[in-house]
Each structure stands twice: as structure tokens, then as C-alpha cells.
Amino acid sequence: MNNSVVGAAAQLITSTAGQRKQPAAEPYFSGASAVGSADYAEALSRQPRHTAVPAAVYLHLPFCPSRCLSCDHNTSVNHDPATIDRYLDALERELSMVTALSGMRRPVAQLHVGGGTPNYLSERQLVRLAALVDTHFALRPDAEVSLEANPARATPGQLELLAGLGFKTIHFELRDLNPVVQRSIGRAHSGAMIRDVFANAREAGLRTIAMDLLYGLPGQSQATIRQTVAEALALQPDRVACYAYSRRAESFQHQRAIDPDSMPSLGDKLALFNAIAEGFESAGYVWVGLDSFVRPGDPLALAQSESRLRRNWIGYTQHETRDLFGFGSSAISELDGLCVQNHVDIARWQASLSDGEFPVRGGVRLDARQQRRRDAMTQLMCNMSLRDYAALQDIPEGPGSLADYERNGLVRVNGDAVSITPEGRFVLHHLWGDSSPRHRWDGVW
Ligand code: SF4
């Protein structure tokens, strides 16, 4: 995308900003919600017992040794192993309560452990976590089994243990490799350390090594991001997830420490993403969905080439996993058009479980029309085209509507089919980059 297109895209995004749903401050379901723990219990008990249909499972571990200034995750700083043990006790209780209603040992095709810093757990705690999953769910041999990790804590022994416990993918949370940008967000990962950790992960037998890159961080420029992409390419990651970053100090107080004047402008952010996409594509990576780059031959690239790539709260997947069971504070679950989020506050989440209640803070329920619209949106985001144009036609006309995107050259409509244009892929990544599940579950643009 050339610079004039970047400028026009920035103008378009600015002109629709007032009408678009704002990025949700976490927690996502705040205030009164018509959906509560009784609805979740009912959805769980409606799950078919002994089904062979695979599900997705997400486990949230909200603990970090320190807080990065840019952090926008639900986590806490903790140095007491006993606190994490008590959290695992509650997690075990939640797994038991959920599977008592939905059925034990449901097959799982996608398991993800996120946080926080999951590899902050001790080896004993990681072994316990894996055993808890094995007791309650049945991982299929072809399941994606992944864990987020801080490279600074990933020792060779820990990586071997993770591979031995059945993890196949390790997702290193890196954000940016430039030392100045890292310093500005309170991180310091030397290039030598990261190279060692990637080599150790391969040596340990972890099949897929993934990393993330954020654009829009303080101090980033096209020069720094091109350098970061070059360094990332030298690491030969299998997958790279790329996210837009916005400073949201009203929701995350520690972000006040980031100077707002050091933040890239909207036009800069689009140019940064442009540089990342160009860098990975020209090195032979396949652009998957709106925000990931993978090596050719990756199952995600294959799924996209056959228009069967899917996405859920965990991320892109080649597996059909409509049901998502989330465990832990702030975790999201989705069953039969019902989406719920657990309490974000760890003590509240634990107290609900101790009282024998599902720790749901709120959620949304989609009717059949909304579900169809959401499926259509997901199909478009994952596979860049859609045959069920009718599913999207009831979105009100106006800024951010399909007709508006068509007028601005972001999508092309041809009879019953709609597809995302090359320009649209750059811009829609930003417009749909809002990680709020409400944004996706409502099926709004
Ligand atoms: S490691 Fe990740 S989750 Fe933990 S504080 Fe840093 S950005 Fe947040």
C-alpha cells in the first residue's frame, strides 16, 4: 500500500471513528447484563453428552513477575507460589463444575493457555495444570495445544517439560525487538537471549514457534519496525501475530507512564502495519486472516486457501470448534450463541466457585439472525470472501456499513458474494482490530 493510500485510509478511519463501537475497556461485559451464571449453567447442561464433536478450551493464568507499561491483559503481579496454588485449586473446582454439567472428557481440538505469563508457573504447577486438563478433557491427537510464554523465563528445562506435557505450540510474547521501544514499554529482551530461546524451543521439540508483534507502540517508526521485522525473520518463527496497540490509560492505570506524545499517529500506525505486512510477505510468509503471517505449508495457510479458516476467541484455527470453554478469571466461553465472561477480579472469581456458583460476570446471547451475521463476519475476516452476502445486508446503512466500505473500495460486492479488496485488508485490520468480544459477538462492523 503506498503512502497516499495510507493517508486516505487514515482519513476514512478518522471519519468513521465516532460511529464505530469504541474499543471496549476491559472487562468486556461491564455493568448490568441480562446474562448470568444460571444461563451458562443451562447452556452447559444442554451440551450433548458423549459427543465426538470437538471443543476448544482456554485456560487463563493471570500472574506475572512484573507489569509491562504497555500491558492491556488481565493479570496481576505476584511473587507468592501459594497464591498460584490456590488459583489452581479454584481452576480445578471450575473444571469439575463445568464438566459435571457438560460431560467429562469431551474431545478437544484446540487448547490454549494464556495470561498473564503462564510460564511463570513452577514446573510442579505446570505439571498439575496439564493433569487437570487431562482429567476433564480428551485432547485429540491432532489438537493444537499452545501456551503463551515470556522468553526471559523459558529455560531449556522448562521448554523440554512443556513439550513433554504435550504442548506443541509456544507463543512468545515479544511485542517489539527494538531496544529503545522495549525500554519505553518497560521490557528488555536482548537479541542474543531471544535467539537462544528460539533455538532451545526447537531443540525441545516444540513444533510451532509463534511470536507477536505490536504496532502503535511508543517510539516506533517505520525504520524501527523494519529493523524489528528483519530481526524477527532471522529467528524464522513459524507464525507471527500482529496486533494494533492503543494506549488506554483510563482502563490500565500503569499505561499513564507512557508519554502520549511518544505514541504514533493513526497514519503512522497504518504505515507501520504496512511495513510489517510487506516485510513478511516479501520473505515468503503467507498473510492469514487479517493479522497473522505464517510459513507456507502451515495448516492455517492451507485452511485459508480452502476457505475453511476459522477464528474464535483464542485465535485462528483450522479446526471446527464452535464450542469454547473458558476457565480462570476473565476467561470467555461461547456455547450455542451464548457468550459469557468470568469475573475479572481473581478474589471474586474464587469466591463464586467456593459458593458453588459459575463465576460469570455477564455476557451476550445471540438470536439466529445475529448468529448468522457473526458467522458471516468471521468467514469474511478469515477467508477474505463470503457467499452469504444476505447475512450482512441488514447492517444499517451509514459509516462503517458494508455499502460504506464498498464505496471506499474496502470490499467488493458481486451478486451474492462479497470479498475484501487488497486495500481493505490493510484498513479492515485496523477497523476490526478491536479485541472486544462484544464487537465480534454482536456482529457489528
Ligand atoms: S508479560 Fe504480558 S501479561 Fe505480563 S505484564 Fe507484560 S504484557 Fe502484561
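Q: What do the buried residues of α5 pack against?
A: This is a predicted model. In it, the buried residues of α5 pack against α4 (123-136), β5 (137-149), β6 (169-175) and α7 (191-204).

Q: And which residues of α5 are the buried ones?
A: In α5, which covers residues 156-164, they are Gln158, Leu159, Leu162 and Ala163.

Q: Why do they line one face of the helix?
A: Viewed down the axis of α5, the buried residues fall within an arc of 135°, so they line one face. An α-helix has 3.6 residues a turn, so residues three or four places apart point the same way.

Q: What's on the face of α5 turned away from the buried side?
A: Glu160 and Gly164, both exposed.

Q: Which residue with positive phi follows α5?
A: Gly166, with phi near 105°.

Q: Switching to the ligand. Which residues are around it?
A: The shell consists of Cys64, Ser66, Arg67, Cys68, Cys71, His73, Thr75, Gly116, Thr117, Glu173, Arg175 and Arg187.

Q: How does that shell divide into nonpolar, polar and charged?
A: Three of its residues are nonpolar, five are polar and four are charged.

Q: Gly116 is in that list; where does it sit in the chain?
A: Gly116 belongs to the loop between β4 (106-115) and α4. The peptide bond joining Gly115 and Gly116 is cis, with omega at about 20°.

Q: What lines the second largest cavity?
A: Its lining is made of Gly116, Thr117, Pro118, Asn119, Glu148, Ala149, Asn150 and Glu173. By class, two of these residues are nonpolar, four polar and two charged. Gly116, Thr117 and Glu173 are in this lining and are also among the residues around the ligand.

Q: Now backbone angles. What is phi at His50?
A: Phi of His50 is near 55°, a positive value in a residue other than glycine. His50 lies in the loop between α2 (37-45) and β1 (55-61).

Q: Is His50 buried or exposed?
A: Exposed, at 82% relative accessible area.

Q: And what about phi of Asp336?
A: Asp336 is not a glycine either, and its phi is positive at about 50°. Its place is the loop between β14 (332-335) and β15 (338-342). With a relative accessibility of 48%, Asp336 counts as partly exposed, because the exposed class begins over 50%.

Methods:
Residues are numbered from 1 along each chain as its sequence is written. This is a predicted model: local features need pLDDT of at least 70, side-chain atom pairs count only at pLDDT 80 or more; totals for chains, interfaces and linings use all residues. Side-chain values use heavy atoms; hydrogens and water are left out. A residue is near a molecule or strand if one of its heavy atoms lies within 4 Å of it. Ala, Val, Leu, Ile, Met, Phe, Trp, Tyr, Cys and Pro count as nonpolar, Asp, Glu, Lys and Arg as charged, and the others, Gly among them, as polar. Buried means under 20% relative accessible area, exposed over 50%, partly exposed in between (1.4 Å probe, protein chains only). Helices (H or I, at least four residues) and strands (E, at least two) are DSSP runs, numbered from the N terminus. The arc is that of the directions from the helix axis to the C-beta atoms. Contact means heavy atoms within 4.5 Å. On a 1 Å grid over the protein atoms alone, a cavity is a set of points where a 1.4 Å probe fits but cannot get out, and a pocket is an open set with protein on both sides within 12 Å along at least five of seven lines; lining residues have an atom within 4 Å of a point.
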